[in-house]
Amino acid sequence: MKRRYIKYTAVSLLGMSSVFVSCKKSFLQLNPKGEFSESSYYSTPDQAFAGLVAAYDPLLTETGGIDQTYTDVRGPLNAASDDCYAGGGGSSDTPDWQLWNDYQLTSAAGPQNGYWPINFLGVTRTNIILSKIAGVPGLSAALATRYTAEAEFLRAHYYFDLERLFKNVPLILTPLASATDIYNQPQAKPADVYAQIEKDLTAAIPNLPQTVVTAESGRVTQGAAIALLGKVYLYEQKYTQAAQEFAIINGTPGGTTPGFGYALQTSFPAIFSPDNKFNSESIFEINFTPGQAYTWNNWDAFKGSVYSEQVGPRNFSDAIYAGGWGQNPVTQQLHDAFVTPYDGSGVKDPRYGYTILNMDSLAALEKTTYQASYQNTGFFALKYIGLTKYLSTQGTNILNFPNDYIEIRLADTYLMEAEALIQGGGDASRAAALINAVRHRVGLAPVAATLANIKAERRLELATEGHRWFDLVRWGDAPTVLGFKGFKAGTNELLPIPLTDLSATKLVQNPGYAN
C-alpha cells in the first residue's frame, strides 16, 4: 500500500478555531497556505455556504489526523471488531489499524490520532459557522435557519462519535479566542456532552427539510437528525425515548414511511451499489465521487472512496473485481455466523453472497491466484470492494471509486427500534414486526423478538458497516466476544486520548493508558 506522512506541526487541533479553511484538510499546520482569516470571511451568502461545506468535509476524511495515515471510519472499527482483521501487506501495514486489531494501543499510537483531531476539526468548523451565520450580509432568513440546523446536526454528530470513542472530552461550543486557550480546556462530564448533543439535534430537527432535491443529496434532512437522536437515546439507555424517535422514521414495518418516503430496498445488494445512491433505505449517506480526479499528490483531500481499494484482494483483478490492498479480511467467525445462522434453520443466510467474497473459491473457479494478505482468511468485505466497471477514467483510478457509505439506513433503525422496545419493555409485537421485516426482505422466516436475536440479526444485516464494535461495547459483550483479539475489560471500551493533546493541557488520560 502506498502511504505518505506529513510532518505534524500544530500544537493541537483545538487551536484551529481562529482560522477558516475552505474545504481543505491542512488543519495540522498552524498557518496553512490559501486559508482565509475568520475575521475577514463570512461577508457574503456564498462564503456562508462555503463555511457550511467545510463543516461537512471532515465526514469524508479517509486520510489525515495527527499521523497522516488512513482514517476511514470503517477500516479501524472493522479491524477492532470480530467482523474483520486489519490485514494489508504485513504486520506494519497501516499500523493504527493493526494496533486496534491486537488491542496494543498506546497514547502515542493508534486510530485515536485520526478520530480525535478529525472530529474536533468538525466541532471547530461548526462552532465558527454557528457564531457567524446571523451576521452574514445578504443571507436570507430561511437559509440562515437551515444552515444553522445543519451545523447543529453536524456538531452533534462529531460529539457523538467523540463520546462513543473517548467518553472524556472537552465540550467546546464557541470558537476559542486564542491558541493559548487550548491549554485550559477541561474534560466535561459525559452526561453534559450528551445533553448538548440532544439539545443540538432537538433544535435542528424542525428547521431541516424532510427531503432534498437531487442536487443536494448528502445534506442533512429531518429524518437523519431524528434517526441520530434516536441512536443517541439508545446509547444513553433512554429506551422509551429512543423507540419514539425511531418510530417516526420507521413508520409501519415493511411499508413506506409517510413524509420521509423511506422504505426497505427490495434487493439487498442494491443498497450498496454506486448506481443506486441515496436510495429509499438511505437515511444519512456519505457521498464519495470520482469527479475531482485526485492523484497521490492530493493526499489528505481525497473525495473518492479509497476504502473500496483497501478492502479488495491483493494482486488480483478480473472482469468484475478491481483488486486492492487486502485490508479488513473477514474473520472466520463472521463467515461461520452466515453459514450456520442463529435461527437454527441450518441454511446459509442469503446475505452471505452479497456481504462476503469467498476469494479462494473464486480463484479456484477462475484458475487464477491472488496474493494472500496479512491475516488472510480468504474472505473479503464485499459491500465496499471496488468493481472493475467503476474504475475511474480520471486521476489515479484506485483512489476515486464512487462507493458511498450509508452511515444510517432503514434496516439499522428498524433493528435499533426493536432493541429499544425490548430493552425498555415496549410493544413486543412491533419489535417482532421490525426484525422480521428485515428478514423478510431477504426471504428469511420470522424469529422471536428477543434481545439475543436482535443482536444476531444486527451482526448479519450490518456486517462490515462499522457498527459492530460500538454494539459490542455498549452491550457489554466486548470482553467476551473480542477476547480472542486481546480486548481488556475496563480499558479497551475507550480509545486513549492522543499523547500530543495531553502535553501541557488539563486533559487527563483515559483509564488503562499511560500518559
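A charge sits over a ring if NZ of Lys or CZ of Arg is within 6 Å of the ring centre and within 35 degrees of the ring normal. The structure is a predicted model, in which local features need pLDDT of at least 70, side-chain atom pairs count only at pLDDT 80 or more, and totals for chains, interfaces and linings use all residues. Residues are numbered from 1 along each chain as its sequence is written, and side-chain values use heavy atoms, with hydrogens and water left out.

**Exercise 1.** State which charged residue sits over the ring of tyrosine 235.

*Solution.* The charged end belongs to arginine 474, at 5.0 Å from the centre of the ring. Arginine 74 lies over the face of tyrosine 384, 4.5 Å from the ring centre.

**Exercise 2.** Classify the aromatic pair of phenylalanine 160 and tyrosine 235.

*Solution.* Step 1: rings of Phe, Tyr and Trp (its six-membered ring) pair if their centres lie within 6.5 Å; planes under 30 degrees apart count as stacked, over 60 as edge-to-face and the rest as tilted. Step 2: with 5.2 Å centre to centre and 85° between the planes, this pair is edge-to-face. Step 3: phenylalanine 160 is in helix α5 and tyrosine 235 in helix α7 (residues 222-235), 75 residues apart; helices are DSSP runs (H or I, at least four residues), numbered from the N terminus.

**Exercise 3.** Decide whether phenylalanine 160 and tyrosine 235 are buried or exposed.

*Solution.* Buried means under 20% relative accessible area, exposed over 50%, partly exposed in between (1.4 Å probe, protein chains only). Phenylalanine 160 has 2% relative accessibility, so it counts as buried. Tyrosine 235, at 16%, is likewise buried.

How values were computed
Helix = DSSP H or I, 4+ residues; strand = E, 2+ residues; numbered from the N terminus.
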